[in-house]
Structures are given as C-alpha cells and as structure tokens.
Amino acid sequence: MRSMAANKLYYGDNLDVLRANVATESVDLVYLDPPFNSNRSFNVIFARHEVVPDADAAQIQAFDDTWRWTPITDEQYETYVSGELPNAVADALTAFRTLLGENDAMAYLVNMAPRLVELHRVLKPTGSLYLHCDPTMSHYLKVLLDAIFGARYFQNEISWKRFSAKNDSLRFGRSHDVILFYTKSKDFTWHPQYGPFEQDYVEENYRYLEEATGRRYRRGDLTAAKPGGDVSYEWHGARPYKGRYWAYSKDKMDQMLADGRIEFRSTGMPVFKRYLDEQPGVPLQDIWTDVRLHAGSNERLGYPTQKPLALLDRILAASSNEGDLVLDPSAGAEPRLQPRRSQGGAGSEST
C-alpha cells in the first residue's frame, strides 16, 4: 500500500482510494460530511420508489447518483454481512435492514459501513473522527459508529445551529445539524476550546472595575487547604483563616502586591485580583450556536449544504496539532480550509 501524499486531492470512489492509498494508522484527524439529501421528504427517503410523488422528482433525481437501493446494493449488503466487515458491523446492518427494509436510507447505511470501517483503520491511536450529518440519519450512524469504534470511544454528539430560524408551520423549526465525535482510543489529541462569557455571568462574577485601567476583575482566595513550604507566616497584619495556609511564599506574595495583583478587603485580608481579560472563556459545550454561514458572507458559494470555515477551524483546533495529517474522505471542504496544516482528501463518487 502506498503512503497518502499530503495536500493532495484524490478523485474517485473514496472506498477505493482509502484502500489503495491510505496506510493503516497514518491519519491524525478525519472530518467527513458525506452527501445526504436531507431536504427530501422523510417519507420518500424511507420508502421504496415504485411510485414517486412529483414534488420530490427533482430532488430524487439528484439523490439517485449518491444513495439508492438497487440490486448492486443488495449484493454489497450480502457481501458485507457474510464476513467482509467485522461481526459487530454486520450485526448492525442486519438489524437496520430488519427495521428499515430496502430503501434509500438503508442504501446509505450499506454504503457508509465499509467506508467508516476503513476510516477507523487509517486513524492513528491518537486520532479522532467527526462525522457531520443531519437528524434524519444521525441516530443510525451513531449505532454504526458504536459498532466500529466501540461505544466507549464516543465523545460527543454536537448540535450545530446552522440557521437562525426556520419557518415550519407543522412542527418546531428544524435548524440544526449533528456532528458525531469519536476517537480511536482513550489517549487522543485534545485542545480545549472556549467561548465568551455571557454578560450576566460577567456582571455577577467580575463586578469589580480597576479605576486606573478600566479592567474588570474578581477577587480570588490566597489561602490553601494544605501547606506547601513556609506558608504559616503573618503578612501585612493578616494570617490565613483557621485551618488553612497561605497559597504562596512570602516572597511571592510581596511580588504580587508590587505588581498590583493583590488588594485588601475591609477586614485586612488580602485577595488576588483575577482579571476577566486574562481568562480563556467558558469551556465550549456540545451545542454550537455561534458559528453560521450568513446570507451575505463572502464565503458563500451557493450550494445549500456549505459549511463555514470557522466550523472546520474549530474542529481542527480542538483535535489536531501543527503538521498533522487531516483527511476529508468526502471532499466536502475547500482547499483553503486550513493552509497551515498538511491535509489529504479522498474524493467520493459525487465529487
């Protein structure tokens, strides 16, 4: 097997490219946004197409080039469940077919299964996979990924709010996508990401304002529960609270006072000034509402499922290091996604 070149786009069926060009445990991060026409009628996706409503004809025509149950799909299914794929994956596909029958949704899962198995193979032990999908198929894909990666390596189901609002008269507006985050092992690359503090949190917790600089700060305790050296001294007429110790040496306390990082309560007890502008922010949660591709954005290219660069930047920042190899097996990202890192792309049939 040849080694996959960095900064190279492969054109063709991504299953063939993965098997022929991507070495085992050679990739640090996988992001994939496989084609799935979520705008189609839910009933049509989960039905066989002996009769096709006129309203869905145009969308189905485009969708046919990607996933549809055919005799070839049936042959692929039989091959996969007869030993080509791991037993747990074969069991998942068998259960899906019992539940779903033969339709476009099942064809999608049959085609995704071997590709996800290959992506698991090419990931390094420290690697991560992010699968971008929609709520129509996310629950099936999660079961499939559990069978491949192991449920213990599921990290997050991220809800990404792609629209500010959707007008749907028959139900709650459907405005989010799903990103499933899995890792190859428990020892994976991870860099925590942060968002801004909410204003009410700032006003409640950073309510002091430094007159000379205008900087907001909160007061922090300078005592500790356990001693760590000579920390039982009297300092500027104060001693630690009963049963506690100073958190720093006397020299360190003197230096912090000289640097303007300590002030005194009315009781004479010193406290540490913790500035708001020195804090990284709130640890990012699994609901992302702050990254969207707005209508007037210069990034917008005109296709409805385009993702903003900031969304991919966030994933890269969280789960890769400088110089890592990042693989997009469905060629859904623009080349300028992250030029400072090595990237590889394995094209899909729809590329």
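**Aromatic pairs and charges over rings**

Trainee: How many aromatic pairs does the count come to?
Mentor: The count comes to 14 aromatic pairs, where rings of Phe, Tyr and Trp (its six-membered ring) pair if their centres lie within 6.5 Å, and planes under 30 degrees apart count as stacked, over 60 as edge-to-face and the rest as tilted. One of them is stacked, Y208 with Y217, because the ring centres are 5.6 Å apart and the planes stand at 25°.

Trainee: Before we go on, what is the basis of these values?
Mentor: This is a predicted model, in which local features need pLDDT of at least 70 and side-chain atom pairs count only at pLDDT 80 or more, while totals for chains, interfaces and linings use all residues. Residues are numbered from 1 along each chain as its sequence is written, and side-chain values use heavy atoms, with hydrogens and water left out.

Trainee: And Y217, buried or exposed?
Mentor: Y217 is buried, at 6% relative accessible area; buried means under 20%, exposed over 50% and partly exposed in between, with a 1.4 Å probe and protein chains only. Y208 is partly exposed at 24%.

Trainee: Which charge lies over the face of Y217?
Mentor: K273 does, at 4.9 Å from the ring centre; the rule asks for NZ of Lys or CZ of Arg within 6 Å of the ring centre and within 35 degrees of the ring normal. K142 likewise lies over the face of F154, at 4.2 Å from the ring centre.

Trainee: Changing topic, which residues form one aromatic cluster?
Mentor: Y130, F181, F188 and W190 do.
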